[in-house]
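Student: I am new to this structure and would like to learn how to read it. Where do we begin?

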Amino acid sequence: MKKQFIPKANKKICLNKLFLHTIGIIFLVSLFAGCSTEKNTRASRAFHNLTSHYNIYFNANESIKDGVQNIEENIENDYTQILPIFKSSIPSSAGMVRSDMDYAVVKGSKLIEIHSITKKPKPKRNRTRRYIEFASQEEFNKWIDDSYILIGKAYFYQHNFSAAITNFSYVVRKFSEEETKYEAFVWLIRSYTELERYIEASEIIQAVQGDDNFPKNLEVDLALATADYYKRQGDYLEAIKFLEIANSKIIWKSNKARYQYIIAQLYEELGQPAKAAEAFTEVTKMNADYGMHFNAMINAAGVFSGEGDTEKLKKDLNKLLRDKKNIDFKDQIYFALGNLFFKEGNRDMAVENYRKSVANSFQNQYQRALSAITLADIYFEDLNYKGAQAYYDSAMIIIDDTYPNYNELSVKYRSLTNLVDNLNTVERQDSLQRVALMPEAERKALIANLISEEQERQRNIENLAMQSGSSYYRNNRTGWVWEAKIPGLDGIFIILKLFHTEK
C-alpha cells in the first residue's frame, strides 16, 4: 500500500490538537477529582449541578413521564360514571406504573445521596448582603429540591400518598424560599384529597390562593387540584368553576375536551339538563377521541336524560346502529334505547334492548356491568329471581368494591344465589321424579335429545367467545345465564350443565 504523504505543517497541527486534547482531559480529571461534596467551591457546585441535572434527574423525570403516558393511553374512560379529573386517581393505575416510579425513586434518592452539598463555602473578607444570603443556605445543589418533588410524584403515582406527603412537606419546610415550594403545595393538595384529608387540603388551597407570588405556570395545575378537591366532596358548582378556570388557560384541546366533558356531567348531576347539553355540544367541537365524541353527541341530544322528542331520539339511535364506525358502541346505543322505552313505560321493549346491550358489550366492561345490573334490577322487581341472579352474576365478575353501591349489590347477589340454589334443588327433584315415571324408551330419548341440544349450544357459545374474546360469553360457559327452557324440566338442564362443566 502506498504510504500517505502528510505535509509537515499538517503534522504540526495534528500534534498540537492532540497535545491540547490531552491537556484538556488531564484538566477535567483533576477538576472533577476535586469536586467532592465536602468542598463548596464554584467549580464543585457547577460539577454537581451539571451531573445532577443531565446524568440523573433527566432520566428519572423521563421515567415518570413514561409512566404518566402509560396511564393516559391505557386506562379507558368509564362513561357510565362521572369521569375522574385525573386518570391517576383510578386504583388500577398504580400497578401500571410501579416499575417506572420505582426507577424514579432510586434515581432521585441517588442524586440526593451523592450530589447534595451542605458544607458552607469559605467565608469572604468583604461579605455583601447577597453573599450572606447565599452562604446561609442549607443546600447548595439547586437540583436537590427538584429531586424531592420528583420522588414525591413517583410515590403519588404508586398511590403511596403518605410517602408522597412526606417528600412534598420536606420541600415546603427546607426550601421555603424556592419556587419549588409552590409545586409541592399543589401536589400536597392532590395527596390530601386522595386520602380524604379535606381540612388539610383546604388550608393549603386558601394559603396559595392569597399568595401574589404564585407562579403562573402552575395555575392550571392548581385549578385542577382544587376542582378535584370540590368534586370529591360533591360541591359540583365549585368544581365546575375551577374546571372552567383550568380550561381557559389550557392550550391543548384534547385535555380541554376531557374537562369540558366532566363539566357537562356535573351539570347533568346537578339537574341542569340545558347547561349539560350545551357543555356536551362543546365537547363535540373539540379534538376529542371518537369514544368521547360519541358519548358527548348522544348526551347532548338528551338520550340518557330523556329530554326532547323521544321518537326522533329513537330514530337517531337506530341510525347510529347502522353506522359501521359505531360497531363498538352498540352496547351503549341499545342501552340508550332501553332507557327511552323504560321512560315510556314499555318494559318489554326496554328489557329486550338491555339484553341486546349486554350481548353486544365486547369491549366496554363498564357498560356491560351497568346494562347487566339494570336488567337484573328489572327482573328482581318482576320476581324473576333466576334472571336477576344470572345478570347480577355477570356484573359481579366485572365490578369491584369501588363500584357505586357495591356492598348493597353484593348482599343482594349472595341472597339471590342462595335462593336460586334452593329453587334449583326443588325443581331438580321434581324433574327427576317426573322423568323417573316416564316409560324407559321415552326417558332415554328425552335425555339423548337434551344432551345433543346442550352440546350444540356450548359449541355455539365457544365460537362466539373465540370471535369476540368476550368474558361475558366465557361466563356463560359456566351456565349462569340460562335462557333455554322446557316447561317442567329445568332440573334436567341443570344436571346437564353441571355434568358438562365438570367434565
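Tutor: Begin with contact, which means heavy atoms within 4.5 Å. Leaving aside neighbours within four places in sequence, K256 is in contact with N247, I250, I251 and M286. The model is predicted: local features need pLDDT of at least 70, side-chain atom pairs count only at pLDDT 80 or more, and totals for chains, interfaces and linings use all residues. Residues are numbered from 1 along each chain as its sequence is written, and side-chain values use heavy atoms, with hydrogens and water left out.

Student: Which helix holds K256?

Tutor: Helices (H or I, at least four residues) and strands (E, at least two) are DSSP runs, numbered from the N terminus. K256 is in helix 12, residues 253-269.

Student: How many helices and strands does the protein have?

Tutor: It has 23 helices and 0 strands. Among contacts between residues at least 6 apart in sequence, 61% join residues at least 24 apart.

Student: How much of the protein counts as buried?

Tutor: Buried means under 20% relative accessible area, exposed over 50%, and partly exposed in between (1.4 Å probe, protein chains only). Of the 503 residues, 44% count as buried. K256 has a relative accessible area of 23%, so it is partly exposed.

Student: What span should helix 15 have?

Tutor: The expected span of a helix is 1.5 Å times one less than its number of residues. Helix 15 (residues 310-322) has 13 residues and should span 18 Å; its end C-alpha atoms are 19 Å apart, which agrees.

Student: Which residues of helix 15 are buried?

Tutor: They are L313, K314, L317, L320 and L321. Seen down the helix axis, the buried residues of helix 15 fall within an arc of 120°, so they line one face. That arc is taken from the directions from the helix axis to the C-beta atoms. The face turned away from the buried side carries the exposed residues K315, K319 and R322. Helix 14 (290-300) and helix 16 (330-344) are among what covers the buried residues of helix 15.

Student: At what angle do helix 10 and helix 11 pack?

Tutor: Axes are lines fitted to C-alpha atoms, for helices over the stretch in contact, and angles run from 0 to 180 degrees between N-to-C directions. Helix 10 (residues 219-232) and helix 11 (residues 236-249) pack at about 160°, with axes 8 Å apart. Angles under 35 degrees count as roughly parallel, over 145 as roughly antiparallel, 65 to 115 as roughly perpendicular and the rest as oblique. Helix 10 and helix 11 are therefore roughly antiparallel.

Student: What is the handedness of the crossing of helix 10 and helix 11?

Tutor: A crossing is left-handed if the near helix is turned anticlockwise from the far one by less than a right angle, and right-handed if clockwise. The crossing of helix 10 and helix 11 is left-handed. Their contact includes A223 and A227 of helix 10 and F242 and A246 of helix 11.

Student: How do helix 8 and helix 10 cross?

Tutor: The axes of helix 8 (residues 180-194) and helix 10 come within 9 Å and cross at roughly 15°. The two are therefore roughly parallel, and helix 8 passes helix 10 in a left-handed crossing.

Student: Where is E196 found?

Tutor: E196 is in the loop between helix 8 and helix 9 (198-209). Its phi is positive, about 60°, although E196 is not a glycine.
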